[in-house]
Amino acid sequence: MRRVAVLAYQGMSVFETGIVTEVFGLPRPEFDFPWYELTICAETRGPVRLVGGAAMHTEHGLDTFAAADTLIVPGVPDVRVGPSPELVAALRHAHRRGARIMSICSGAFALAGAGLLDGRRATTHWRYAETLRHRHPDVLVDADVLYIDHGDVLTSAGSAAGLDLCLHVIRCDHGPKVANMVARRLVVQPHRDGGQAQFIEAPMPGEPDDDRLSRSMEWALGNLTEPITAEVLARRAHMSERTYLRHFARATGTTPIRWLINQRVQASLALLEASGTPIEEVAAAVGFESTVTYRHHFGQVMRTSPSAYRRAFHG
């Protein structure tokens, strides 16, 4: 999946394309393996008008776009108008030959217009969700997540969620160590779970519950092998369980148990990367009750198995 092509469109903001360029287009001399090759394409060769009166020029058209290994549609000019027949043909051709196709924000409308999302969960910016449902009733629109990965087709929410999706792709292609290094260079959070809510009502700074919530989470991270439940965390924060769940969701966009599962999976990665410890022992070391449970949640979070993940680091 080395060849990445991103589609520029008339009247676009450069932010989404800039995300793709930063992640896939900049050289990465710190890695001892070939990085991605990025090409910016457009439906018609020549100048592409940008928000603010500037223009971008590219000589690469839909033929180059359709030939890439990973195609990214960062948005559409108008969510009320379907994609052109030429773009639909390019997306379908790429999909048939096994390319990975991604959308950022309103780019999901192009993928839906090409029929690539029929019968599948997909996301877009929350403000466009109802429009997507109305225009494409066969698409299972989920506006409560940051991104959704079906392997061959991936969609993400509003602009910044596109960065989460791009880092997720790096993580899937090259592992968490590489993804974390790229995130560090971008000075962003290394990993946000795709199931996290798009909109989080963050507590006001200095609110008393803030520190109690943080302390309970810090305790959990230091005691992953303990049998931790929402009730246990609530007691740590000196709250009722119902109050704790409400504050936790408002602060993180997810539930304590889902957050805890993700933290346990993340904690297991270092053990898989650096040692030959049996999978059963890795599962126990990060607090999973059984190997079966560990394998299930690992697959949900990492889209692969613990054994396959380990092989990527040890051959």
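## Salt bridges and helix packing

Arg121 and Asp142 pair up through their side chains in a salt bridge, with 2.8 Å from N to O. The two residues bring together distant parts of the chain, 21 residues apart: Arg121 sits in strand β7 (residues 121-122), and Asp142 in the loop between β8 (140-141) and β9 (147-149). Arg121 is partly exposed, with a relative accessible area of 36%, whereas Asp142 is buried at 18%. Keep in mind that this is a predicted model.

How many salt bridges does the structure hold? The count is nine.

Another one of them joins Asp69 to Arg3, where the closest N and O atoms are 3.0 Å apart. Arg3 belongs to strand β1 (residues 3-8) and Asp69 to the loop between α2 (62-67) and β5 (70-73), so this bridge ties together parts that are 66 residues apart in sequence. Is Asp69 buried or exposed? With a relative accessibility of 17%, Asp69 counts as buried, because the cut-off for buried is under 20%.

Glu130 is exposed, with a relative accessible area of 56%, while Arg133 is partly exposed at 32%.

| Salt bridge | N to O distance | Relative accessibility |
|---|---|---|
| Arg121 and Asp142 | 2.8 Å | Arg121 36%, Asp142 18% |

Now for the helices. Helix α1 (residues 14-25) packs against helix α6 (residues 159-174) at an angle of about 20°, and their axes are 9 Å apart. The two helices are therefore roughly parallel to each other, and their crossing is right-handed. On the α1 side, the contact uses Phe15, Glu16, Ile19, Val20, Val23 and Phe24; on the α6 side, it uses Ser159, Ala160, Gly162, Leu163, Cys166, Val169 and Ile170. Sorted by class, the contact of α1 with α6 has ten nonpolar residues, two polar and one charged.

Helix α6 also meets helix α7 (residues 176-186), with axes that come within 7 Å and cross at roughly 145°. This crossing of α6 and α7 is right-handed too. From α6, the contact takes in Leu163, Leu167, Ile170, Arg171 and His174, and from α7 Pro176, Val178, Ala179, Asn180, Val182, Ala183 and Leu186. The tally for α6 with α7 is nine nonpolar, two polar and one charged. Leu163 and Ile170 of α6 take part in both contacts, with α1 and with α7.

Further along, how do helix α11 (residues 256-274) and helix α13 (residues 291-302) pack, and at what angle? The angle is about 95°, with the axes 10 Å apart. That makes α11 roughly perpendicular to α13. Ile261, Asn262, Val265, Gln266, Ser268, Leu269 and Leu272 of α11 touch Tyr294, His297, Phe298, Val301 and Met302 of α13. The contact of α11 with α13 comprises eight nonpolar and four polar residues, with no charged ones.

How values were computed:
Residues are numbered from 1 along each chain as its sequence is written. This is a predicted model: local features need pLDDT of at least 70, side-chain atom pairs count only at pLDDT 80 or more; totals for chains, interfaces and linings use all residues. Side-chain values use heavy atoms; hydrogens and water are left out. Axes are lines fitted to C-alpha atoms, for helices over the stretch in contact, and angles run from 0 to 180 degrees between N-to-C directions. Helices (H or I, at least four residues) and strands (E, at least two) are DSSP runs, numbered from the N terminus. Angles under 35 degrees count as roughly parallel, over 145 as roughly antiparallel, 65 to 115 as roughly perpendicular and the rest as oblique. A crossing is left-handed if the near helix is turned anticlockwise from the far one by less than a right angle, and right-handed if clockwise. Contact means heavy atoms within 4.5 Å. Ala, Val, Leu, Ile, Met, Phe, Trp, Tyr, Cys and Pro count as nonpolar, Asp, Glu, Lys and Arg as charged, and the others, Gly among them, as polar. A salt bridge is a side-chain nitrogen of Lys or Arg within 4 Å of a carboxyl oxygen of Asp or Glu. Buried means under 20% relative accessible area, exposed over 50%, partly exposed in between (1.4 Å probe, protein chains only).
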